[in-house]
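Please read these points with the sequence and the model side by side. They begin with the ligand and then turn to single residues.

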Amino acid sequence: MRIDLVTIFPGILDGPFRESMIRRAVEKGLIRVNLVDLREFTHDRHRQVDDAPYGGGTGMVLKPEPVFEAVRHLKACSEAEKQLVILTSPAGQTFNQAMAQKLAAEKHLIIICGRYEGVDERVRESLVDREISIGDYVLTGGELPAAVIVDAVARLLPGFLAEEAAQNESFTEGLLEHPHYTRPPVFEGMAVPPVLLSGNHGEIDRWRRRMSLKYTLERRPDLLKGIALTEEERAYLEELSKKGDSGSGNPGR
Ligand code: SAM
């Protein structure tokens, strides 16, 4: 997959892709991330990318010409049959795992990082395929949202994670993930649930599934609506709800 990030501050995006798993994904060739400096697509002495808003008011707006030119250039030199152009925007659809999964099936993403008051509306109207927000708050620019999108998408690419790790994650099956423990078996009087030390993988899977249901009921009950549950799981959730059990107890301990 190729991802082009169109920004006036490429330096902000230098770090996230040079460390850890994303760096390895780049090195393995699973993903190619290009930082595209919007100023390269200006033609004036000052390399101006922004201008004052029509109608007055504070702040500046990213001009349409360099954004159109940059995206057209990136499309023209794309090896993919089609490209998906994304605008980061607080007004966009809120990003989630299902969206990340859809984007992971694309071959070439072009992500436009807004700045200042945002981007000239004509960019949104006729250049952009999807507008994505990473949450109901306002950041100074689209670089961090773009990094969030790239991170979430990259880890879904085949070969990035062990297959099993990706399957069990929060939201993948619509539930939150079960909790994790590592050594030592007892820390400051807090013991690891014995089932995890039992070596009985059937019991461990059952415990994990129950914890996943319990966590989801406690923290994100809205997610349970769309989930196919067995009779046993439904009964377990009913039992928890009746007890009003939202403590940190572990099922099957
Ligand atoms: N004036 C805009 C408004 O009120 O909606 C906010 C502009 S914001 C300061 C500058 C840029 O940061 C936006 O154009 C967008 O690219 C990015 N941005 C800020 N918050 C975001 C969010 N929650 N999700 C995605 N992008 C965001």
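1. By class, the shell around the ligand holds eight nonpolar, nine polar and two charged residues. Here Ala, Val, Leu, Ile, Met, Phe, Trp, Tyr, Cys and Pro count as nonpolar, Asp, Glu, Lys and Arg as charged, and the others, Gly among them, as polar. There are 19 residues around the ligand, and Thr88, Gly114, Gly135, Tyr137 and Leu139 come nearest. A residue is near a molecule if one of its heavy atoms lies within 4 Å of it.

2. A note on the source: this is a predicted model, in which local features need pLDDT of at least 70 and side-chain atom pairs count only at pLDDT 80 or more, while totals for chains, interfaces and linings use all residues. Residues are numbered from 1 along each chain as its sequence is written, and side-chain values use heavy atoms, with hydrogens and water left out.

3. Strand S5 (84–94) and strand S7 (130–133) each supply at least two residues of the shell around the ligand. S5 gives the most, with three residues. Strands (E, at least two residues) and helices (H or I, at least four) are DSSP runs, numbered from the N terminus.

4. An oxygen atom of the ligand lies 3.5 Å from a backbone N or O atom of Gly141. Taken alone, the ligand exposes 580 Å², and the protein buries 80% of that. Accessible areas come from the Shrake-Rupley method with a 1.4 Å probe; for residues, only the protein chains shown count as cover.

5. His108 is found in strand S6 (residues 108–112). Is His108 buried or exposed? His108 counts as buried because its relative accessibility is 1%, and buried means under 20% relative accessible area, exposed over 50%, and partly exposed in between (1.4 Å probe, protein chains only). Its side chain has a polar contact of 3.3 Å with that of Arg2 and another of 2.6 Å with that of Asp4. A polar contact is a pair of N or O atoms within 3.5 Å; within protein, one must be able to donate a hydrogen and the other to accept it, and residues adjacent in sequence count only if both atoms are side-chain atoms.

6. Thr7 has its place in strand S1 (residues 2–7). Thr7 is buried, since its relative accessible area is 1%. The side chain of Thr7 makes a polar contact of 2.7 Å with the side chain of Glu143.

7. Most residues other than glycine have a negative phi, and most peptide bonds are trans. Tyr116 has a positive phi of about 55° although it is not a glycine. Tyr116 lies in the loop between S6 and helix H5 (121–126) and is partly exposed, at 39% relative accessibility. Glu188 also has a positive phi, of about 45°, and is found in the loop between S8 and strand S9 (190–191). With a relative accessible area of 68%, Glu188 is exposed.

8. The peptide bond from Arg183 to Pro184 is cis, with omega near 5°. Pro184 lies in the loop between helix H7 (163–168) and strand S8 (186–187).
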